[in-house]
Amino acid sequence: MRFDILTLFPRMFFSPFQESILGRAIEKGLVQIRIINIRDFALDRHQVVDDTPYGGGQGMVMKVDPIARAIEWVKSEDAAARVVYLTPQGRPFDQEKAQELSALAHLTLLCGRYEGVDERARELFVDEEISIGDYVLTGGELATMVVIDAISRLLPGVLGSDRSAVEDSFFNSLLEYPQYTRPFDFRESLVPEVLLSGNHSAISRWRRKEALKRTWMRRPDLLAKADLSQEDQKLLGEIEKERLKE
């Protein structure tokens, strides 16, 4: 999958995209990332990309014309490239949206700065607006990194096992079950015996029950949109009874 990032601060992306799983995915050619400096599309000598807002007010606004030329340049190579603007006013980003975007071949991400972008950039050139949370960052660069990371790990071959993404938290609207590794006994806190039993059916049931339990306790809102089977409903009944006994 190809990502084009439109930003005023290209150097912010250099280290994060060289590390860990994402860095290896880029080396393998599974993910392609191109960082585009919006300043390169400003035609004046000083490469001005912002200006004071009409009507007055605090701060500066990113100008529409450099953004327009940058997006049009990307589109001249691939007219199907989807343009996403990272903004607190956008649709909340979640696992469902990550899965939807992972099906695309080419995504262009516009990073806002200052007081945001000229409204005409949004109206004329942006296909979709996304927010990673109800808070304000200094710019869209960090949000873009989050979005690219979440999407990339869903792509075939990026993770060591294709099952890893399926078992993550929020896949099918459930939080992930607890994980353990050696030592078995850490300061008298023991690994659940079922995980050492070798009984794969029992382990699978335990993990599903723990995922349901954790979601029920921490994020009950997620259960409303989860695709629950009859067995899941039975496990939830067991969980509720166990909690009443505590």
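Mentor: A residue is called buried when its relative accessible area is under 20%, and exposed when that area is over 50%. With those cut-offs, buried residues make up 40% of the 246 residues in the chain of this predicted model.

Trainee: Why does Asp-4 count as buried?

Mentor: Asp-4 has a relative accessibility of 0%, and buried means under 20%, so Asp-4 counts as buried. This residue is found in strand E1, where Asp-4 touches Arg-34, Ile-36, Val-74, His-106, Leu-107, Thr-108 and Leu-109, leaving aside residues up to four places away in sequence.

Trainee: Why is Ala-211 called buried?

Mentor: The relative accessible area of Ala-211 is 6%, and the limit for buried is under 20%, so the term applies to Ala-211. Ala-211 lies in helix H7, which covers residues 200-218, and, not counting residues up to four places away in sequence, Ala-211 touches Leu-175 and Tyr-177. The C-alpha atoms of Ala-211 and Glu-176 are separated by 5.3 Å, although these two residues are 35 residues apart along the chain.

Trainee: Why do we count Arg-187 as exposed, and what is the value of phi at that residue?

Mentor: Arg-187 has 74% relative accessibility, whereas exposed requires over 50%, and therefore Arg-187 counts as exposed. Its phi is near 50 degrees, a positive value in a residue other than glycine. Arg-187 is found in the loop between E8 and strand E9 (189-190).

Trainee: Is Glu-188 buried or exposed, and where is Glu-188 found?

Mentor: Glu-188 is at 74% relative accessibility, and the cut-off for exposed is over 50%, so Glu-188 counts as exposed. Glu-188 is found in the loop between E8 and E9, and phi of Glu-188, near 70 degrees, is a positive value in a residue other than glycine.

Trainee: What makes the peptide bond from Arg-182 to Pro-183 stand out in the model?

Mentor: That bond is cis, with omega near 5 degrees. Pro-183 lies in the loop between helix H6 (162-166) and strand E8 (185-186).

Trainee: Which residues touch the most other members of the largest nonpolar core?

Mentor: They are Phe-3, Leu-107, Leu-109 and Ile-151, in a core of 26 residues. Two or more residues of this core come from each of strand E1 (2-7), helix H1 (20-27), strand E5 (82-92), helix H3 (95-102), strand E6 (106-111) and helix H5 (141-152). H5 gives the most, with six residues. Leu-107 touches, among others, Phe-3, Asp-4, Val-84, Leu-101 and Ile-151, when residues up to four places away in sequence are not counted. There is also a second, separate core of 22 residues, which includes Ala-68, Ile-71, Val-117 and Phe-125.

Trainee: How many helices and strands does the chain have, and what share of the contacts with a separation of 6 or more joins residues 24 or more positions apart?

Mentor: The secondary structure comes to nine helices and nine strands, and residues 24 or more positions apart account for 74% of those contacts.

Technical notes. Residues are numbered from 1 along each chain as its sequence is written. This is a predicted model: local features need pLDDT of at least 70, side-chain atom pairs count only at pLDDT 80 or more; totals for chains, interfaces and linings use all residues. Side-chain values use heavy atoms; hydrogens and water are left out. Helices (H or I, at least four residues) and strands (E, at least two) are DSSP runs, numbered from the N terminus. Buried means under 20% relative accessible area, exposed over 50%, partly exposed in between (1.4 Å probe, protein chains only). Contact means heavy atoms within 4.5 Å. A nonpolar core is a set of buried Ala, Val, Leu, Ile, Met, Phe, Trp, Tyr and Cys residues joined through side-chain atoms within 4.5 Å.
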